There are 4 protein chains.
Amino acid sequence: MPTDAQNACFEAGIKFGSLYHQFAGTPVSPESADSLARAIEESIANQPYCEAVRVTIRRDELEAALEDATADYTELTGRFLDVEMDIEYEGTAVQTKMEMEDGYPLMKLVSVEE
Amino acid sequence: MPTDAQNACFEAGIKFGSLYHQFAGTPVSPESADSLARAIEESIANQPYCEAVRVTIRRDELEAALEDATADYTELTGRFLDVEMDIEYEGTAVQTKMEMEDGYPLMKLVSVEE
Amino acid sequence: MPTDAQNACFEAGIKFGSLYHQFAGTPVSPESADSLARAIEESIANQPYCEAVRVTIRRDELEAALEDATADYTELTGRFLDVEMDIEYEGTAVQTKMEMEDGYPLMKLVSVEE
Amino acid sequence: MPTDAQNACFEAGIKFGSLYHQFAGTPVSPESADSLARAIEESIANQPYCEAVRVTIRRDELEAALEDATADYTELTGRFLDVEMDIEYEGTAVQTKMEMEDGYPLMKLVSVEE
């Protein structure tokens with residue numbers, strides 16, 4: 001049988017996969033970044049065992065991406081996202097975050113406390 | 001060659017298909033409905049020729065769907081959405097809306113003014 | 001530091017959240033169910049540590065859902081999906097599955113072998 | 001009242017927005033490109049008034065994108081997609097296509113025949 005800590009980590013992973021694949025591709029600009037970040041936080045926080053979600057959409061990266069572009073918006077992708085999430089499952093607390101590494105959005109367990 | 005009015009209607013359709021398939025499936029509850037509605041409006045308004053987007057997520061339908069449920073959230077689908085959009089393309093103004101008909105979210109041209 | 005088994009479970013969760021939120025909402029009919037199931041399997045199998053993905057789209061449920069409908073397709077949701085996935089991470093093998101419980105698609109760890 | 005030709009163009013736009021925002025972000029590699037292309041074609045062809053959908057996922061672009069990457073897959077985006085679609089609505093035939101222009105996936109009406 002999987003342990004509570006293992007289930008807690010599984011649940012944390014579900015939230016990250018959900019967040020990324022629900023919202024990747026959304027049209028986003030520096031002006032609309034804040035409302036999108038709030039909606040991502042509040043929608044994912046609905047999922048079971050999710051204690052907190054903190055999303056920042058990186059304006060500096062957005063502005064850099066749009067500098068030479070013909071349009072004034074782009075598609076949301078990992079490059080523009082900083083995410084931290086706290087999961088709690090049957091007494092186990094899991095902290096996670098997403099950050100870019102080698103051009104990929106890497107999702108990571110930061111700590112697991114039983 | 002397609003006319004400006006035809007291109008305006010094509011652009012209107014693109015926005016509707018984008019809106020629906022980007023956001024359908026998002027976890028939503030009565031508490032998180034407003035932030036999601038704002039994010040949908042602001043993200044789709046980034047797209048070219050889009051003058052206005054008005055999204056309402058229907059709390060009454062959400063509450064009805066959750067009444068007998070074991071969870072306190074559900075997935076966003078057409079049943080919970082009212083959408084109106086105004087498109088302007090080279091002088092043609094198009095008004096559109098989405099409403100439920102026979103259990104399907106029906107997207108419609110309301111008016112096309114050249 | 002998270003253990004290898006905990007990371008394996010986290011990775012398993014990511015795949016499930018990705019699968020569900022990437023493909024939920026896709027138009028599907030009994031005729032197009034097989035090509036969609038294959039594409040889901042092959043796309044998710046690209047993700048790191050994913051050894052196997054088996055997806056069945058349930059024709060019986062699809063046909064039941066369409067029986068009284070005016071259209072001949074519907075949107076993919078958990079009700080129509082059976083999924084099993086095998087993850088392997090640094091020597092830990094994780095088996096997972098998704099099944100409906102109380103009207104929700106429940107994602108579960110089946111076994112974790114270190 | 002919108003004309004049949006205008007409604008045909010609106011319907012064509014819906015299919016394009018749906019296709020793009022349903023499938024953008026899907027993990028894709030040269031090996032899984034064909035099954036994804038088939039699933040996109042068959043799922044979008046379910047939508048009303050859609051006569052034909054032809055999707056090519058560009059292996060050359062995929063291979064170029066992966067050449068210097070640490071992973072062997074990437075996320076589906078407009079850069080990798082060629083799409084053509086035929087719509088028929090009340091006697092009006094509409095041909096459309098998507099192609100990259102200035103780094104953006106541009107969706108276009110090719111012809112409208114009443």
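Across the interface of chain A and chain C, zero salt bridges are found, a salt bridge being a side-chain nitrogen of Lys or Arg within 4 Å of a carboxyl oxygen of Asp or Glu. The model is predicted, so that local features need pLDDT of at least 70 and side-chain atom pairs count only at pLDDT 80 or more, whereas totals for chains, interfaces and linings use all residues. Residues are numbered from 1 along each chain as its sequence is written, chains are lettered from A in the order in which they are written, and side-chain values use heavy atoms, with hydrogens and water left out.

The contact (heavy atoms within 4.5 Å) takes 22 residues from chain A and 22 residues from chain C. Between them, the two chains bury about 1,700 Å², of which 68% is on carbon and sulfur atoms; buried area is the accessible area (1.4 Å probe) lost by two parts on being put together, summed over both. A:Gln6, A:Phe10 and A:His21 supply 37% of the area that chain A buries against chain C, more than any other three residues.

Over all chains, the count comes to 40 salt bridges. One of them joins A:Lys108 to A:Glu99, with the closest N and O atoms 3.4 Å apart. A:Lys108, at 30% relative accessibility, is partly exposed, and A:Glu99, at 27%, is also partly exposed, where this class lies between buried (under 20% relative accessible area) and exposed (over 50%), with a 1.4 Å probe and protein chains only. In chain B, the side chains of B:Asp86 and B:Arg54 meet in a salt bridge at 3.5 Å, N to O; B:Asp86 is buried at 19%, while B:Arg54 is partly exposed at 36%.
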